[in-house]
Amino acid sequence: MGRSRSAYATALGTAVLAAGALAFAPTASAVDPTTATVSADCGSAGAGEATLTATQDGTAATITLTSSAVKAPIDVGAGSVETTLTLSKNGSDTATFTGKSNPAMSAGDDVNSGPLDGTVAAGDVMEAKSVKIVIFGTITVNCTATSAQSPGPFTF
């Protein structure tokens with residue numbers, strides 16, 4: 001009988017340790033791909049390729065948009081550009097990622113949105129469709145994707 005108690009205690013201790021390890025393990029969520037490109041037309045502001053870099057932490061995700069095809073029209077201070085990125089979501093819906101975390105840019109610098117925040121669910125498939133950039137609340141640039149995202153949509 002003492003032996004069965006010992007085996008039971010050992011089994012219970014092992015189960016508690018395993019449960020504790022799972023509780024402290026990082027969440028297994030990752031977006032794929034982490035970087036994609038898309039061609040876009042931004043009217044008189046320019047046209048060309050934009051790079052999207054995505055990260056995910058559970059249901060929170062960020063996407064940063066950069067483009068050498070579109071340049072800052074004037075000197076822009078950090079945090080003074082409001083950006084809204086619209087993506088198709090699961091083929092029939094849309095999602096938006098927004099932010100006002102751009103780095104400082106000098107006139108002529110490549111556009112950089114800084115991290116745009118959004119919410120995702122496991123298995124969401126999203127592809128960039130358009131972006132609206134508002135500088136100082138007065139200068140607005142609207143861009144529309146003219147190609148599919150490469151190497152493909154983000155899967156969260």
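Mentor: A disulfide is a pair of cysteine sulfur atoms within 2.5 Å. In general terms, it is a covalent bond between the sulfur atoms of two cysteines. Please keep in mind throughout that this is a predicted model.

Trainee: Which handedness does the disulfide of Cys 42 and Cys 143 have?

Mentor: The sulfur atoms of Cys 42 and Cys 143 are 1.9 Å apart, and the cut-off for a disulfide is 2.5 Å. The pair therefore qualifies as a disulfide, and the structure holds 1 of them. The torsion about the S-S bond is about 115°, so the disulfide is right-handed.

Trainee: How many residues apart in sequence are the parts that Cys 42 and Cys 143 tie together?

Mentor: Cys 42 lies in the loop between strand 1 (35-41) and strand 2 (47-57). Cys 143 belongs to strand 8, which covers residues 139-145. The pair therefore ties together parts whose separation in sequence is 101 residues.

Trainee: Are Cys 42 and Cys 143 buried or exposed?

Mentor: A residue counts as buried under 20% relative accessible area. Cys 42 has a relative accessibility of 7%, and Cys 143 has a relative accessible area of 6%.

Trainee: In what order do the elements of the protein chain run?

Mentor: The chain has 1 helix and 9 strands. Helix 1 spans residues 2-24, and strand 9 spans residues 154-155. Read from the N terminus on, the order is α-β-β-β-β-β-β-β-β-β.

Trainee: What share of the contacts with a separation of 6 or more lies between residues 24 or more positions apart?

Mentor: The protein chain has 156 residues, of which 32% are buried. Its accessible surface comes to about 8500 Å², with 57% belonging to carbon and sulfur atoms. Among contacts with a separation of 6 or more, the share between residues 24 or more positions apart is 62%.

Trainee: Is Ser 113 buried or exposed?

Mentor: Ser 113 is found in strand 6. Beyond its neighbours within four places in sequence, Ser 113 is in contact with several residues, including Ile 63, Leu 65 and Thr 83. Its relative accessible area is 3%, so Ser 113 is buried.

Trainee: What is the relation between the ring planes of Phe 154 and Phe 156?

Mentor: Phe 154, at 0% relative accessibility, and Phe 156, with a relative accessible area of 7%, are both buried. Their ring centres are 6.2 Å apart, with 50° between the planes. Planes under 30 degrees apart count as stacked and those over 60 as edge-to-face, so this aromatic pair is tilted.

Trainee: Which residue lies 5.7 Å from Phe 136, C-alpha to C-alpha?

Mentor: Phe 136 is found in the loop between strand 7 and strand 8, and at 43% relative accessibility it counts as partly exposed. Leaving aside its neighbours within four places in sequence, the contacts of Phe 136 include Ile 74, Asp 75 and Val 76. The residue at 5.7 Å is 56 residues away in sequence: Ser 80.

Trainee: What is the phi of Asn 90?

Mentor: Asn 90 is in the loop between strand 4 and strand 5. With a relative accessible area of 42%, Asn 90 is partly exposed. Although Asn 90 is not a glycine, its phi is positive, at about 55°.

Trainee: What is omega for the cis peptide bond from Ser 150 to Pro 151?

Mentor: The peptide bond from Asp 32 to Pro 33 is cis, with omega near -5°, and Pro 33 is found in the loop between helix 1 and strand 1. Pro 151 lies in the loop between strand 8 and strand 9. For the cis bond from Ser 150 to Pro 151, omega is near 15°.

Terms used
Residues are numbered from 1 along each chain as its sequence is written. This is a predicted model: local features need pLDDT of at least 70, side-chain atom pairs count only at pLDDT 80 or more; totals for chains, interfaces and linings use all residues. Side-chain values use heavy atoms; hydrogens and water are left out. Helices (H or I, at least four residues) and strands (E, at least two) are DSSP runs, numbered from the N terminus. Buried means under 20% relative accessible area, exposed over 50%, partly exposed in between (1.4 Å probe, protein chains only). Contact means heavy atoms within 4.5 Å. Accessible areas come from the Shrake-Rupley method with a 1.4 Å probe; for residues, only the protein chains shown count as cover. Rings of Phe, Tyr and Trp (its six-membered ring) pair if their centres lie within 6.5 Å; planes under 30 degrees apart count as stacked, over 60 as edge-to-face and the rest as tilted.
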